[in-house]
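I opened my notebook today to look up a few things in one protein model. Here is what I looked at, entry by entry.

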Amino acid sequence: NDPEGKGVVVDPDAKLEEELIVRPTSETIIWNTYKGWIQSYRDLPILCNQWANVVRWEMRTRLFLRTAEFLWQEGHTAHATKEEAIEEATRMIHVYQKFVEEWMGVPVIVGHKSPNERFAGAVDTLTIEALMQDGKALQSGTSHFLGQNFAKAFDVQYINKEGKLEYVWATSWGVSTRLMGALIMAHSDNNGLVLPPKLAPIQVVLIPIYKGEEQMRQIVERLRTIAEELKSKGLSVKIDDRDNVRSGFKFAEYELKGVPVRLALGPRDLENGTIELVRRDTLEKETVSQEGLTDRVAALMDEIQQNIFRKALDYRNSMITKVDTWDEFVDVLENKGGFISAHWDGTVETEVAIKDATKATIRCIPIDAVEEEGKCVFSSKPSHRRVLFARSY
């Protein structure tokens with residue numbers, strides 16, 4: 001695997017019965033292919049999306065976040081104009097933002113990477129940056145405006161409407177199984193996973209509490225009726241009627257798995273027409289009427305989804321700290337963590353010096369960053385806007 005992404009490097013010392021080739025991301029394959037596909041402006045735009053396994057040279061792996069091999073979704077596009085390519089790269093970062101925020105319940109900051117942190121070969125890299133509960137940032141998706149760099153490297157030209165040859169304009173974008181790590185780390189607590197209802201494989205688990213065969217039969221029968229009503233609302237439901245484990249074990253198991261709503265029905269509930277309802281996000285427990293239960297649980301899904309996002313957003317916002325001096329910068333980094341909003345003089349030298357001194361990097365220059373005159377926290381040189389620093393995974 002060539003770390004520069006230029007092709008396949010053969011290990012002369014490898015003695016394998018079968019030839020084994022590992023591949024980095026797909027630019028080399030894609031652009032070699034595009035060269036054969038693109039002749040005229042009529043062939044553009046080309047938009048390719050794929051899921052693929054790729055290999056990275058990771059010295060220290062971390063489950064879900066940094067693994068030697070991972071599954072990811074990547075897109076590669078070719079366009080006739082610069083404007084079209086920029087529009088596509090911008091559109092895709094907001095697609096990622098929408099999914100991560102509205103489905104995963106994880107708030108992100110959209111911004112531009114600094115030139116030093118850009119994808120190699122990109123003119124501009126857009127990123128979504130999330131914050132985990134330990135105060136570290138996580139790059140959760142990127143979208144790159146590649147200009148004509150790859151088109152020139154692979155000689156991909158097209159004939160425009162005037163009959164002249166031009167290089168195409170390109171983008172690439174991707175998210176990976178790292179998002180699973182973000183989901184786990186952003187919401188979970190000491191009891192296990194906390195899953196947003198929109199992504200939970202089981203949204204509601206129903207657990208019978210009984211003594212003896214006859215009680216079990218009656219309670220499970222009632223739970224089956226309730227389950228069918230919940231399914232009619234489009235909810236994913238499971239009845240756990242195992243008789244070889246105690247109900248307390250089941251409660252702990254489904255908390256560990258992050259199931260959004262747990263319903264437990266016992267003999268007294270059967271008599272009174274009630275049921276015990278526990279929501280995973282708050283662990284609040286209440287006894288409610290079986291009447292109107294279906295609508296109540298369906299509405300609760302939206303409420304839990306919003307609450308999970310709001311909790312993560314409030315935490316993230318509380319962990320963005322403005323600083324104006326180097327002493328403040330170091331103090332916040334060591335004692336609080338999170339994002340640090342600070343002035344930077346725009347030079348790679350300063351960026352590298354800050355990273356060497358603190359392990360903090362520029363996570364992004366937010367797309368909504370306002371012009372603001374100030375002095376760089378490290379060099380004291382003039383700065384025109386704040387950027388976000390953080391330690392990251």
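Is strand E19 (residues 386-390) mostly covered or mostly open, and how many of its residues are buried? I found E19 mostly covered, with 5 of its 5 residues buried. For me, buried means under 20% relative accessible area, exposed means over 50%, and partly exposed is in between (1.4 Å probe, protein chains only). Helices (H or I, at least four residues) and strands (E, at least two) are DSSP runs, numbered from the N terminus.

A note on the source: this is a predicted model, where local features need pLDDT of at least 70, side-chain atom pairs count only at pLDDT 80 or more, and totals for chains, interfaces and linings use all residues. Residues are numbered from 1 along each chain as its sequence is written, and side-chain values use heavy atoms, with hydrogens and water left out.

**Entry: strand E19**

I looked at both faces of E19 and found both covered. Arg386, Leu388 and Ala390 are buried on one side, and Val387 and Phe389 are buried on the other.

Next I looked up pairing, where two strands pair if DSSP finds at least two bridges between them. Strand E15 (residues 339-343) runs antiparallel to E19, and 4 bridges join them. Strand E16 (residues 361-366) is also antiparallel to E19, with 3 bridges. Which residue of E19 is the bridge partner of Ile340? I found Phe389 there, and Phe389 also stands opposite Ile362.

**Entry: helix H9**

In helix H9 (residues 326-335), I noted Phe329, Val332 and Leu333 as buried. They lie on the same side of H9 because they cover an arc of only 100° around the axis; the arc is that of the directions from the helix axis to the C-beta atoms. Asp327 and Asn335, on the other side of H9, are exposed.

What covers the buried residues of H9? I listed strand E14 (320-322), E15, helix H10 (348-358) and E19 among the elements that do. After H9 comes Gly337, and its phi is positive, near 80°.

**Entry: helix H1**

I turned to helix H1 (residues 27-37), where Glu27, Ile30, Trp31 and Tyr34 are buried. These residues share one side of H1, because their arc around the axis is only 90°. The face turned away from that buried side carries the exposed residues Asn32 and Gly36. The cover over the buried residues of H1 includes strand E1 (46-55), strand E2 (69-79), helix H3 (149-153) and E8.

**Entry: Thr177**

Where is Thr177 found? I located Thr177 in the loop between strand E8 (169-176) and helix H4 (178-187). Thr177 has a relative accessible area of 21%, so I wrote it down as partly exposed. Leaving aside neighbours within four places in sequence, Thr177 is in contact (heavy atoms within 4.5 Å) with Phe64, Phe70 and Leu71. I also looked up Ser140, which is 37 residues apart from Thr177 along the chain; their C-alpha atoms are separated by 9.6 Å.

**Entry: the whole protein**

I finished with the overall picture. The protein has 10 helices and 19 strands, and 46% of its 393 residues are buried. Its C-alpha atoms fill a box of roughly 80 × 55 × 50 Å, taken along the principal axes. Among contacts with a separation of 6 or more, 65% come from residues 24 or more positions apart.
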